[in-house]
Amino acid sequence: MSSHLFGAELLSLTIAQCSGQPYDDFNTFYLHLNPMLIKGVSLLQSGLLLKNRDILIQGNRIIDIGRDLKDGEGAETIDGHGKLAIPGFINCHTHLAMTLLRGYADDMELMPWLKEKIWPLEARLTEDDIRWGVKLGCLELIRFGITCYNDMYYFPDVTAEATREMGLRAFISGVVFDMKPEMLRDVEPFIRRWKGDELIMPAVGPHAAYTCSEETLLKVKEIADRHDAMVHMHVSETREEVDGFLLTKGMSPVEYLDHLGLLNERLAAVHCVWLSEEDCYLLAERKANVVDCTVSNLKLTSGIAPLNTLMKAGVNVCLGTDGASSNNNLSLFEEMKVTAIVQKNAYHTPAAFSAEQIWQLATENAYRAARLNMGLRAGALADLALIDLRRPWLCPETNMVSHLVYSMAGGVDTTIVNGRVLMREGVIPGEAEILEKAQRRFERLTEQMG
Ligand SMILES: [Zn+2]
């Protein structure tokens, strides 16, 4: 949203190619671990459902996919019969600690929502609130088959530590905005602390062009260039934001960012609801990534992003949920369905935005933006999920991509990140404690509010 720091915004995610990508070089851990063999699983290839395949994982990589693969000595075996393997999703825009604020304030106009509810609560957040809010968010991501997320919020070190403890992969931005100048000062040391970590990819998160001065944004660019880091930013979320730029600077936020040299393949531009056709082609020309957050934009009545125009222009469009205070969950299954349906209506044809196209936004486009070698293929990172096929909404076996986009209502039962099993047959170790701690942190926060 326009003046909220982290609620619902417009962004585009930046990442380069899935091979030779810098971030991927960091992910060479766990090579000492025993191999893992997933036996007899189903998977999708070019839209077709292939059955009874094996997936062999060694360390943090998928090393082979085929029939009757042999496990190595000491291999851990997972029975994949009756299950569908999908590559892990990347939720390309979150404020994960805000999961703690889910349901706290809904159905309000933007400014009262921010001023009366969200900002006073955010001002009281402590490191422990962030830690348990992030862990609560991680539980949800794991249960939705999301193996990586792209975050922007306060206390990035705490977010990174909690994420590592949970075993997820994440891009974590040190947020920057002018109201708190120390955040710009803190961002580069944060990047230095985490650069090279096998799971955490530190990034820079200038909140938006309307909350950061030109001088701040030029420093952000300098830092991002120096570290080859992602710039994660809300862009053109509301009509007011764009009108303000046109009035004061004579250019749109997208043109302004280009003028500052920030439009490039490392930019994750979130929201991008209010774009001109020229903006779309400029984003494409500069190879910037756009992160669409349809549900959040609808809930806050910000508008509908022009995805058809963006994709026609050749922009790499990905999907994110935004924070749970404006969505209110972190599910990309829901995000895929709503995005498809809304875009069909925006362009007045059910033929627009097929299930296959939407699936591409949530998977391959996100991997490209993240510059991570992900997907169900040999050599890719072992980030994947298994879905129980014996669920009524996945029956009959007509078109599995359609089911995943349009009818999925649960059933992710195993989630693996970097070769480690984080959830097995629906069980996440430590979940009960996290739920209890999150509840207590929320009660403490709201008690203080009187
Ligand atoms: Zn946001």
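Let me start with one cut-off: a residue counts as buried if 20 or more other C-beta atoms lie within 10 Å of its own C-beta. Keep that in mind for strand E13, residues 289–292. Both of its faces are covered. Asn 289 and Val 291 sit on one side, Val 290 and Asp 292 on the other, and all four names are buried residues. As a general point, side chains in a regular strand alternate between the two faces of the sheet.

What does E13 pair with? Strand E12, residues 267–271, is joined to E13 by three bridges, and the two run parallel.

Now the whole chain. This is a predicted model. Average pLDDT is 91, and 92% of the residues score at least 70. But where pLDDT is low, the predicted coordinates should not be read in detail.

Overall shape next. A compact globule of 450 residues would have a radius of gyration near 22 Å; this chain has 21 Å, so the two agree. The C-alpha atoms fill a box of roughly 65 × 50 × 40 Å along the principal axes. The secondary structure comes to 15 helices and 17 strands. Of the 450 residues, 54% are buried. Take contacts between residues at least 6 apart in sequence: 76% of them join residues at least 24 apart.

On to the core. In soluble globular proteins, nonpolar side chains tend to be buried together. Here the largest nonpolar core has 144 residues. Ala 85 and Ala 269 have the most contacts inside it. Which element gives the most to this core? Helix H2 does, with eight residues.

So let's look at H2, residues 127–143. Its 17 residues reach 24 Å from first C-alpha to last, close to the 24 Å expected. H2 is mostly covered, with 14 of its 17 residues buried. After the helix comes Gly 145, with a positive phi near 75°.

Compare helix H4, residues 182–194. Its 13 residues should span 18 Å at 1.5 Å a residue, and the end C-alpha atoms are 19 Å apart, so that agrees. Which residues of H4 are buried? They are Met 183, Leu 184, Val 187, Ile 191 and Trp 194. The general rule is that an α-helix has 3.6 residues a turn, so residues three or four places apart point the same way. What covers the buried residues of H4 includes helices H3 and H5 and strands E9 and E10. Just after H4, Gly 196 takes a positive phi of about 95°.

Glu 76 is in strand E5, residues 76–79. Is Glu 76 buried or partly exposed? Partly exposed, because it has 13 other C-beta atoms within 10 Å. Leaving out residues up to four places away in sequence, Glu 76 touches Asn 34 and Met 36. Met 36 is 40 residues away in sequence, yet 4.6 Å away in space, C-alpha to C-alpha.

Then Asn 373, in the loop between helix H13 and strand E15. Asn 373 is buried, because 21 other C-beta atoms lie within 10 Å. Its C-alpha is 9.7 Å from that of Arg 61, a residue 312 places away along the chain.

Key
Residues are numbered from 1 along each chain as its sequence is written. This is a predicted model: local features need pLDDT of at least 70, side-chain atom pairs count only at pLDDT 80 or more; totals for chains, interfaces and linings use all residues. The expected span of a helix is 1.5 Å times one less than its number of residues. A residue is buried if 20 or more other C-beta atoms lie within 10 Å of its own, exposed if 12 or fewer, and partly exposed in between; C-beta atoms are placed from the backbone. The radius of gyration is taken over C-alpha atoms; the globule rule is 2.2 Å times the number of residues to the power 0.38. Two residues are in contact if their C-beta atoms, placed from the backbone, lie within 7 Å. A nonpolar core is a set of buried Ala, Val, Leu, Ile, Met, Phe, Trp, Tyr and Cys residues joined through C-beta atoms within 7 Å. pLDDT is the predictor's confidence in each residue, from 0 to 100. Two strands pair if DSSP finds at least two bridges between them.
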